[in-house]
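My notebook is open, and I want to look a few things up before I forget how I did it. Here is what I have on screen.

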Amino acid sequence: MTTAPAVWYLMRATGVVALLLTTLSFGLGVATSNRWYPRGSRRWVTTTLHRNASLLSVVFLTIHVGTSVVDPDAQVRALATFWPFGTPWWLATGTFSLDLLAAVIVTGLLRNRLSRGLWRTVHWTAYLAWPLAVVHTIGMGTDAHTLWLAGVTVACIAAIGGLVTWRLTEPAARAGSA
Amino acid sequence: MASEQRQRDQARIRTFTRRLAYGAVAATAVFGGLAAVESQHATTPTSNETQQSDDSSSSESFDGTPTQSFQPPVAQSGGS
């Protein structure tokens, strides 16, 4: 039995919003690596926007994970939120994604104490969090069969696909080019 | 000069972040609503199913409309 359907709906909704925010964060990260910044701004603006979007995605991800543990219908144990082994595959992808994001946060906080190489390695590895989150959405999402979630997922994939293509084909874009 | 530019950039960032946060909250409400509607569709019987249900269990409310028992949403796949 469910205790509160609102929790169930909140979990599903925050999951979708977290995917959107993670996509935005990923996209801004790609833009940062390509040295893009909004016209009329400085380069650090993109980096700050990337960080703010990431922090906001973590907030929604926390709500998503928290409600999934609280809601008995979701049947997610607290251990499964950070330990992916021994859990169903679709859930494990979400857990892996969360672990990678947690690693970015921790290394980000300790950035001044870590070597730049290590920080960059962790940071770039964390970009795997996005495809894992997409797989988690498609496989685990209760709404995965719905048109609206399919639309959101396709839009996210298209956006990142376009940005990664831009990154690979036009490295180090001109400053301020939109 | 540089200070003004910096202040402008910071204002842009604040505006963007604020709008992003509001947008995320609004999107949560919208997606929550869509999820609720989807769940209702999943649990609401069709007219034929209602007829059959009435024949077998005759669960009608006082005004003659069939009552719909709430079925909790079930995860497609669960945790360990």
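In which handedness of crossing does H5(A) pass H6(A)? H5(A) passes H6(A) in a left-handed crossing. I call a crossing left-handed if the near helix is turned anticlockwise from the far one by less than a right angle, and right-handed if clockwise.

Ground rules before I go on. This is a predicted model, where local features need pLDDT of at least 70, side-chain atom pairs count only at pLDDT 80 or more, and totals for chains, interfaces and linings use all residues. Residues are numbered from 1 along each chain as its sequence is written, while chains are lettered from A and ligands numbered from 1 in the order in which they are written.

**Entry: H5(A) and H6(A)**
My helices (H or I, at least four residues) and strands (E, at least two) are DSSP runs, numbered from the N terminus. I looked up the axes of H5(A) and H6(A), which come within 11 Å and cross at roughly 160 degrees. That angle makes H5(A) roughly antiparallel to H6(A). Axes here are lines fitted to C-alpha atoms, for helices over the stretch in contact, and angles run from 0 to 180 degrees between N-to-C directions. Under 35 degrees counts as roughly parallel, over 145 as roughly antiparallel, 65 to 115 as roughly perpendicular and the rest as oblique.

I found A:Trp130, A:Val134, A:Thr137 and A:Ile138 of H5(A) meeting A:Thr153, A:Cys156, A:Ile157 and A:Ile160 of H6(A). Contact means that the C-beta atoms of two residues, placed from the backbone, lie within 7 Å. This contact has six nonpolar, two polar and no charged residues. For the classes, Ala, Val, Leu, Ile, Met, Phe, Trp, Tyr, Cys and Pro count as nonpolar, Asp, Glu, Lys and Arg as charged, and the others, Gly among them, as polar.

**Entry: H3(A) and H4(A)**
I checked another pair: H3(A) and H4(A) (residues 116-125) pack at an angle of about 150 degrees, with axes 9 Å apart. So H3(A) is roughly antiparallel to H4(A). H3(A) passes H4(A) in a left-handed crossing. Among the residues making the contact are A:Leu100 of H3(A) and A:Trp119 of H4(A).

**Entry: the core**
The largest nonpolar core has 45 residues, and A:Val16 and A:Phe60 are among those with the most contacts inside it. Such a core is a set of buried Ala, Val, Leu, Ile, Met, Phe, Trp, Tyr and Cys residues joined through C-beta atoms within 7 Å. H1(A) gives the largest share of this core, 15 residues.

I followed A:Val16 and saw that it touches A:Leu149, A:Val152 and B:Phe31, not counting residues up to four places away in sequence. A:Val152 sits in helix H6 of chain A. Is A:Val152 buried or exposed? A:Val152 counts as buried because it has 21 C-beta neighbours inside 10 Å. The cut-offs are 20 or more other C-beta atoms within 10 Å for buried, 12 or fewer for exposed, and partly exposed in between, with C-beta atoms placed from the backbone.

**Entry: the two chains**
I looked up where the chains meet: 38 residues of chain A are in contact with 26 residues of chain B. H1(A) gives the most to that side of chain A, with 11 residues. By class, this side has 23 nonpolar, 10 polar and five charged residues. Chain B itself has two helices and zero strands, and 11% of its 80 residues count as buried.
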